[in-house]
Structure formats: C-alpha cells, structure tokens
Amino acid sequence: MAAAWISRARRDRGLPAPGVVEAVLAALLSAVPVAAACGAPLNLGSPRPGAVACLAVIAMTLPAAWARRAPLGAATVMVIATAANGLLFGHVIRCGVALPAAFIVAFGIGARLGWPRVAAGLALVVADVVIEGYYDPQISWSGLLTVGPAALVFFGLGALVRARNRTARALRATSRQLREQREETARLAVAADRAVLSAAIDDSLRDRLDVIAQTVAAGLRPAAAGQAPGTADPDKVRRSLAAIEHDGRAALGELREVVGGLRAPDAGPPLGSTAPLEGTAPQPTLAQLPELIRAWPAGRARLTIEGQARSLPASLELSGYRIVEHLVQALADEPGMVIDIRLRYTEEVLELRVRGAAAPEADLRPVLAAARQRAALHGGTMDSRVDRGICHATALLPLVSGYA
C-alpha cells in the first residue's frame with residue numbers, strides 16, 4: 001500500500017523517487033513505532049504511549065527516505081512532524097528512531113545541497129534535534145550537547161562525500177575532454193598530411209604539364225613560322241613525342257604515388273619537408289611485417305597469418321603495416337611474454353590483432369588514437385583494451401570496393 005501511495009504521489013504531484021538505501025533505513029525505523037502500536041513489548045517510554053502516539057512517530061522517520069533525493073523537503077517535514085508530536089503527545093521517548101532519521105537527513109543535506117540551501121537545511125536539522133531534545137525526557141537539554149555535535153558530524157560526512165563526488169565528476173569531465181582532444185589532434189594531423197600531399201600533387205602536375213606544354217610548343221613552332229608540314233624534321237618530331245610520352249608517364253607515376261599516400265597520410269613526405277617526390281622511398285606493405293618483428297629477440301614476437309594472403313591496394317597495405325607498427329612500438333619486451341600479431345584475410349575484411357605487455361613508460365592513448373584514425377580512413381574500426389597490463393587491440397579494415 002505504501003509503495004502504491006508513493007508511486008501515485010510521484011505521478012500526481014511530481015515528487016522525486018526515494019533513494020533505495022534511505023527507503024530501507026526509513027522503513028526499518030518506521031517499523032519500531034508500528035510494532036509498539038501493535039502491542040510489542042518495546043521500551044518506548046513509561047508509561048507506554050498510545051497507539052496513535054506511536055504511529056505519529058512515523059511522520060518523523062518516513063521523511064528520511066527522501067534524504068538524498070529531496071533533503072530540504074525531508075528536513076522541513078521532519079521539523080513540522082517533531083513539533084506536532086511534542087505539542088500533541090507531550091514528553092515521550094522517541095529518540096531511538098527520531099534521532100537516526102535526523103542524522104540520515106543531515107547526511108543527505110551535506111551530500112546534496114550547496115550554498116545557500118545547505119544553510120537552510122542545516123538550520124532545519126538543528127531545529128529538529130532541539131525540539132526533539134526538549135520533548136524527549138531521555139535527552140533533555142543536557143543531552144543536546146552530545147546529540148547536536150553528532151548531527152553536525154553526519155552533515156560533515158555528507159559534505160565530504162559531496163566534495164569527493166564533485167572532484168570525481170571534474171576528473172571524468174577532464175578525461176573526456178582529453179580523450180576528445182587526442183582524437184581531434186589525430187584528425188588534424190591526418191588533415192594536415194592530406195593538405196601537404198594535395199599541394200604536392202598540384203605542384204608536381206603543374207611542373208610536368210609546363211614541360212609537356214613547352215615540348216609541344218617547340219614541336220609546333222615550325223608550323224607557326226609557315227613551314228610546310230611535310231618538310232618537318234622526322235627525328236625532331238620523334239624526339240618531341242618521346243619527351244611528351246616520358247613526361248606524361250612520369251606525371252602519372254608521381255600522381256599514383258601521391259594519391260596512394262593521400263589514402264594513408266604517412267605515405268607522403270613529413271610535414272614541412274621540401275624533399276622532392278622522386279626521392280620518396282617505397283612504402284612498406286604487410287609482406288614486410290616479418291622484417292618488423294626481427295628487431296625483437298628471438299621468440300619474443302610471433303606473426304600468424306590466417307586465410308589466403310593476397311595483394312591489396314597500396315594504401316590499405318600501408319595503413320595495415322602502420323597500425324601494427326604503432327601498436328608494437330608501444331609494447332614492452334618482457335621475459336616470458338610474447339608479442340602476438342595475427343593477420344586474418346577474409347572475403348570482406350582484413351583483421352589485425354596485436355597482443356602483448358604494455359610498456360610502463362609508453363602512453364597508449366595517442367598511439368591508439370592514431371591507429372584508430374588510420375583504420376577510419378578506410379571505413380574500418382579498431383577496438384582496444386588493457387587487462388592486467390596486457391594490451392589487446394583489434395583493427396578491422398574492409399576490403400569491399402568502396403574502400404579498397
């Protein structure tokens with residue numbers, strides 16, 4: 001019945017739901033006056049208070065159920081109920097259940113409220129304790145010297161919990177901002193590399209097309225001078241066409257190289273580099289992973305290939321190699337631990353799994369963020385976790401035509 005009343009009150013009046021722990025404590029405290037009203041041999045005063053007086057105590061204990069969700073309202077109801085009990089039923093022992101309820105509300109006020117509402121809540125709790133001490137013969141005025149500071153202690157504990165929760169929330173917010181900043185830094189690095197490669201494409205094609213245009217202009221110069229078409233030097237025309245073919249093939253080769261790097265930004269020159277594209281070294285592929293793990297002592301790294309290995313687009317090969325390279329560099333060379341690298345080829349995805357002991361001095365967060373961005377370039381995903389010092393990372397790169 002009580003649960004139905006609370007649910008209906010919440011629906012009709014918008015009351016907050018009571019806390020679970022506080023509701024249990026309030027129910028236990030309220031059970032004592034109920035038992036006394038039913039005739040249980042409880043020492044609640046001498047002579048025994050009547051059933052109505054016992055049940056009226058529930059108004060002093062039940063508000064404790066809302067000590068965390070609505071502490072100010074609970075304290076207000078509790079003060080009114082305590083004053084009403086004293087005026088109606090006089091000096092009766094109620095401190096066994098009334099004071100714990102007041103302490104619970106004092107804790108909730110310290111844990112939930114901020115200034116200036118905390119001052120009002122604390123004043124209500126002190127007023128409740130003073131009224132209870134006045135009407136309770138077992139406390140009297142001398143007992144307030146102990147009960148009052150006890151209520152303040154519970155309030156202080158609640159304030160400490162509130163400060164700790166506020167610090168924890170601030171730390172979580174800072175961690176979330178740092179994580180977003182790392183992801184944004186990785187995205188900006190990808191965008192910066194793409195901008196460099198785009199500029200390289202523009203400069204390279206412009207230079208090559210200028211050379212081709214000059215060659216064509218030199219070949220057309222005799223016709224512009226009025227010379228008969230049949231009198232042109234065949235060797236000179238052949239040399240001009242050969243130069244045009246050579247320059248065109250060179251431009252296409254450079255375009256393929258730079259566009260491949262544009263799909264995987266590390267293929268291009270370093271940011272701010274002025275090195276010409278003709279000197280760019282061949283980019284690594286997945287076939288070179290055995291050479292990568294040779295840098296580790298024998299038996300400390302293991303490469304396993306599952307499925308039918310096949311040639312993939314250059315950008316995909318490079319991204320897969322870089323993902324493994326980054327993850328391996330963040331792992332530690334510990335005795336008894338093996339760095340396990342697994343490549344699995346399927347019809348739709350290339351699966352990369354790396355497992356090993358995380359290096360204590362390495363910061364895995366930027367490494368994982370960079371690897372995640374590389375996977376995202378191809379529409380892939382990467383998941384990672386660290387369990388008892390062991391890093392597990394899995395990257396999935398799709399092989400469908402839309403990305404590969």
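Is R353 buried, partly exposed or exposed? In this predicted model, R353 has a relative accessibility of 41% and counts as partly exposed. The legends below take this residue and several others in turn.

**View A. The salt bridge of R353 and E351.** R353 pairs with E351, and their closest N and O atoms are 2.3 Å apart. E351 is buried, with a relative accessible area of 6%, whereas R353 is partly exposed at 41%. Side chains of opposite charge can pair when their charged atoms come close. Eight salt bridges are present in the structure.

**View B. The pair R322 and E325 in helix α11.** R322 is placed in helix α11, which covers residues 314-329. E325 lies in helix α11 as well, three residues from R322, or about one turn of the helix. A salt bridge joins the two side chains, with an N to O distance of 2.9 Å. The side chains of R322 and E325 also make a polar contact of 2.9 Å. R322 has a relative accessible area of 15% and is buried. E325, at 16% relative accessibility, counts as buried. Both residues are classed as buried because their values, 15% for R322 and 16% for E325, are under 20%.

**View C. R342, D340 and the linked salt bridges.** The side chains of R342 and D340 form a salt bridge of 3.0 Å, N to O. R342 is partly exposed, with a relative accessible area of 30%. D340 is buried, with a relative accessible area of 10%. The pair belongs to a network of salt bridges that links R302, E306, D340 and R342.

**View D. A patch of positive charge on the surface.** The residues gathered in this patch are R69, R112, R166, R169, R172, R176 and R179. Helix α8, residues 140-224, gives the most to the patch, with five residues. R166 lies in helix α8. Its relative accessible area is 41%, so R166 is partly exposed.

**View E. R388 in the loop between β4 and β5.** The loop that holds R388 runs between β4 (381-387) and β5 (390-398). Phi of R388 is near 55°, a positive value in a residue other than glycine. Most residues other than glycine have a negative phi. R388 has a relative accessibility of 82% and counts as exposed, because this value is over 50%.

**View F. C391 in strand β5.** C391 lies in strand β5. Its relative accessibility is 4%, and C391 therefore counts as buried. I339 is 52 residues from C391 in sequence. In space, the C-alpha atoms of C391 and I339 are 9.9 Å apart.

How values were computed
Residues numbered from 1 in each chain as written. Predicted model: local features only at pLDDT ≥ 70, side-chain atom pairs only at ≥ 80, totals over all residues. Heavy atoms only, no water. Helix = DSSP H or I, 4+ residues; strand = E, 2+ residues; numbered from the N terminus. Buried < 20%, exposed > 50% of the residue type's maximum accessible area, 1.4 Å probe, protein only. Polar contact = N/O pair within 3.5 Å; in protein donor to acceptor, adjacent residues only side chain to side chain. Patch = residues over 30% accessible without salt bridge, like charges linked within 9 Å, V, L, I, M, F, W, Y side chains within 5 Å. Areas by Shrake-Rupley, 256 points an atom, 1.4 Å probe, with all protein chains shown as cover. Salt bridge = Lys/Arg side-chain N within 4 Å of Asp/Glu carboxyl O. Lys, Arg positive; Asp, Glu negative; His and termini not counted. Charge placed at Lys NZ, Arg CZ, Asp CG, Glu CD.
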